[in-house]
Amino acid sequence: MENFTPTSYTLECVATGREFEDSGWALADPQCKTPSLIRARYAKRQIEVKPAEWGLYRYADWLPVRRMLKGSSAPVTYRSRGLAKHLGLENLWITFNGYYPAIGATMTTCSFKETEAYSVCARAAADEERVLVVASAGNTARAFAKVCSDNHIKLLLSVPYDNIEALWFEQPLDPCVKLICCASGGDYFDAIYLSDLALKGPGFYAEGGAKNIARRDGMACTVLSAVTTIGRIPDYYFQAVGSGTGAIAAWEANQRLIADGRFGQNTMKLMVSQNAPFVPMYDAWQAGSRAMLPYDEDKARRNAEIIDAKVLSNRHPPYALAGGLYDALKATGGDVFVATNAMARKARKLFKELEGVDIYSAAGIATASLINAVAAGKVEKDATIMLNITGGGEEHFKQGKELWYLKPSLIFPLDPDADEVVSKVEALF
């Protein structure tokens, strides 16, 4: 592992197909006139999976990374017995992202956001002096905080105050990690707005969300885990979505795996789901609209408060832009589903009984959607199905542990003064 060499790749603009070199932290093609994602084109067409002790970096051939960071874990894919039998499915495979040592899953933040954090932070240069800025509804913040603390990377987190109970850790964090919050009553969108203000300071740079190839290709490791375990590309891919970035990543990985040539020519149908009543992507998809439909701000906030899976409450997802979720669903013949809190709670209880581990609300939404799709005859009983369990095992992990919580250094009102934010945040570092 010591002789790790940075991955070789170029960038491609989805809208225009223009190929160009990565300047180090490109989030878009500067020459492209329309909103578009960029993609990494890796020098290695066939992926060579490294030994398990490489953690997430066992998939480094298809990760835009310059180095390996310590402490990473890869997703674990296994063939379901309990849930599969209950649903009458012959080929249900579960990709588990979380903490479940019995199957070899050791993500201590219990969420697939770790796949993003270890990839994004390893894309940054080791001598990067600026502060990385990440806005999050909870799980992403926990993952980035752990990775940055363990590897001494300067990080500013922006999280809604109402969500900070999600920032629990095994031990105190390194002071290189700081937290700011938008006041109580704010949501994920308010946290993003606050982080955008902080980014006006010269010493800060944006993680970039869905636009960052490292975030998407880190998440894509779930599909790489599934396909290299199963030996073929699945027929269906189930996941709950807030931004849809994980599903976009799954589609991109699918295309790379087809080009690899060893796993079949299959295009997985993306079966994504939202937590009712917060369903802006479902509404747009049902209306056949590439553009998101108008969503009243107060109503969006209220709906975000109602849903169990707070991580699914993104009001401005990468849906319409070239290479975004709309394109991914169209290209794969996919669909968007809706599940209620009650359905998700029932599905979580069922999953724990049948598979032996607790799962998060978002994963409960995905599981509920699979249950509903089977009941509605939308998937064949003999189809190869991948269920992406994006988080779980928190009960396992917390057992007998004294936890430490990250406290905010600053709390700002929902309509903060831009200059005040910049000056106060700069003073933190």
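Let's start at V14, which lies in the loop between strands β1 (9–13) and β2 (19–20); strands here are DSSP runs of E of at least two residues and helices are runs of H or I of at least four, numbered from the N terminus. The model is a predicted one, where local features need pLDDT of at least 70, side-chain atom pairs count only at pLDDT 80 or more, and totals for chains, interfaces and linings use all residues. Residues are numbered from 1 along each chain as its sequence is written, and side-chain values use heavy atoms, with hydrogens and water left out.

V14 has a relative accessible area of 26%, so it is partly exposed (buried is under 20%, exposed over 50%, partly exposed in between, with a 1.4 Å probe and protein chains only). Leaving aside residues up to four places away in sequence, V14 touches S36, L37, R39, A322 and G323, where contact means heavy atoms within 4.5 Å.

## Helices α6 and α7

Here is a helix pair to look at: α6 (residues 221–230) packs with α7 (residues 245–260) at an angle of about 40 degrees, their axes 8 Å apart. Axes are lines fitted to C-alpha atoms, for helices over the stretch in contact, and angles run from 0 to 180 degrees between N-to-C directions.

On the α6 side, V223, L224 and V227 meet A250, A253 and L257 of α7.

## The whole chain

The protein chain holds 14 helices and 18 strands. Its C-alpha trace spans about 60 × 50 × 45 Å along the principal axes, and buried residues make up 61% of its 429 residues.
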